[in-house]
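Please have the sequence and the structure open as I talk.

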Amino acid sequence: MEVVILPSESAIADLAASALVALVNAKPTAVIGLATGSSPLALYRRLIQHYQASEISFAQAKAFMLDEYVGIDPAHPERYRNVIETEIASQVDFAPGAVQGPDGNAADLAAACQAYDQAIKQSGGIDLQILGIGSDGHIAFNEPGSSFTSRTRLVVLTEQTIADNARFFGNDPEAVPIFALTQGLGTIMESRHALLVATGAGKAQAVKQMVEGGVSAMWPASILQFHPHVTVLLDPAAAAQLELADYYKHAFANKPSWQAL
Ligand code: GLP
């Protein structure tokens with residue numbers, strides 16, 4: 001796990017975007033895992049700028065979303081499919097149908113989940129998975145207690161997540177769907193490179209548990225300690241509880257220039 005502590009959200013977005021630009025230029029058919037939430041938004045804005053400057057093209061790339069609310073009005077602006085469309089997909093040159101997400105309005109949700117895992121496999125697997133982290137340590141919507149081998153499935157959101165996400169629903173927790181479809185921890189662990197972005201003091205405890213805590217389903221993101229290639233990009237507030245912060249800074253400052261993220 002490479003932990004990089006950077007001064008600002010904008011420095012994080014720059015570095016994360018450079019990894020995406022390098023990947024897609026080296027492999028134009030790359031498969032990208034897209035996350036929702038506020039954490040990746042600055043990164044998406046940077047990617048759009050790189051696209052506008054002709055430094056990246058998604059024309060041959062594919063993307064898979066991490067998760068989706070169940071039963072949300074298809075036109076709702078907070079439906080994750082619509083968020084991804086607004087924040088990135090419609091602003092770059094993905095081919096029609098190249099960005100997929102779990103279908104939270106499918107008649108048969110279990111079948112939709114299975115088909116989604118299958119579609120990821122058939123695409124060749126995710127080359128770079130962008131991740132955020134919930135304040136309770138969830139990744140995608142894998143709440144505490146999630147099995148480490150879980151696949152895409154229906155989950156019930158915790159009250160904490162509902163409270164956290166109420167800000168996207170007019171600060172009304174009642175308006176937040178309680179069910180979601182999410183890639184499982186086992187699904188996410190199959191990505192070739194996981195790039196997790198966390199900023200702000202509200203993430204400090206979850207980051208501490210993920211990076212330096214014991215691996216436990218109580219803090220689902222801690223499974224990333226077993227992932228062969230994880231990059232964790234943090235601002236100083238999110239890194240505040242890390243015991244080895246000085247080492248992470250030292251290691252990054254002395255990183256050989258030939259070694260990519
Ligand atoms: C949401 C999403 C996650 C996201 C997390 C953090 O519930 N399902 O994919 O990483 O919560 O969100 P934010 O980046 O807005 O803090």
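Predicted model: local features only at pLDDT ≥ 70, side-chain atom pairs only at ≥ 80, totals over all residues.

Leu20, Ile32, Leu34, Leu47, Phe58, Ile88 and Phe94 are the residues that line the largest cavity, where a cavity is a set of points, on a 1 Å grid over the protein atoms alone, at which a 1.4 Å probe fits but cannot get out, and lining residues have an atom within 4 Å of a point. By class this lining has seven nonpolar, no polar and no charged residues, with Ala, Val, Leu, Ile, Met, Phe, Trp, Tyr, Cys and Pro counted as nonpolar, Asp, Glu, Lys and Arg as charged, and the others, Gly among them, as polar. The volume of the largest cavity is about 30 Å³, a volume being the space filled by probe spheres set on grid points that are joined across faces, edges and corners.

Residues are numbered from 1 along each chain as its sequence is written, and side-chain values use heavy atoms, with hydrogens and water left out.

Now to the pockets, a pocket being an open set of points with protein on both sides within 12 Å along at least five of seven lines. The second largest pocket holds about 210 Å³ of space, and its lining divides into eight nonpolar, one polar and two charged residues. Helix α8 gives the most to that lining, with four residues, and β1 (2-5) and α8 (245-253) each supply at least two; helices (H or I, at least four residues) and strands (E, at least two) are DSSP runs numbered from the N terminus.

The largest pocket holds about 410 Å³ and is lined by 24 residues, with Gly37, Ile133, Gly134, His138 and Lys203 nearest its centre. Its lining divides into seven nonpolar, twelve polar and five charged residues.

Where does the ligand sit? The ligand sits in the largest pocket, in the sense that more than half of its atoms lie within 2 Å of the pocket's grid points. Of the 13 residues around the ligand, Ser38, Ser39, Asp67, Arg167 and Lys203 come nearest, with a heavy atom within 4 Å as the cut-off for being near.

As for polar contacts, pairs of N or O atoms within 3.5 Å, a side-chain N or O atom of Lys203 is 2.6 Å from an oxygen atom of the ligand, and a polar side-chain atom of Ser38 lies 2.7 Å from a ligand oxygen atom. From Ala140 a backbone N or O atom lies 3.2 Å from a nitrogen atom of the ligand. The protein covers 95% of the 400 Å² of accessible area that the ligand has on its own, by the Shrake-Rupley method with a 1.4 Å probe.

Note on methods:
Polar contact = N/O pair within 3.5 Å; in protein donor to acceptor, adjacent residues only side chain to side chain.
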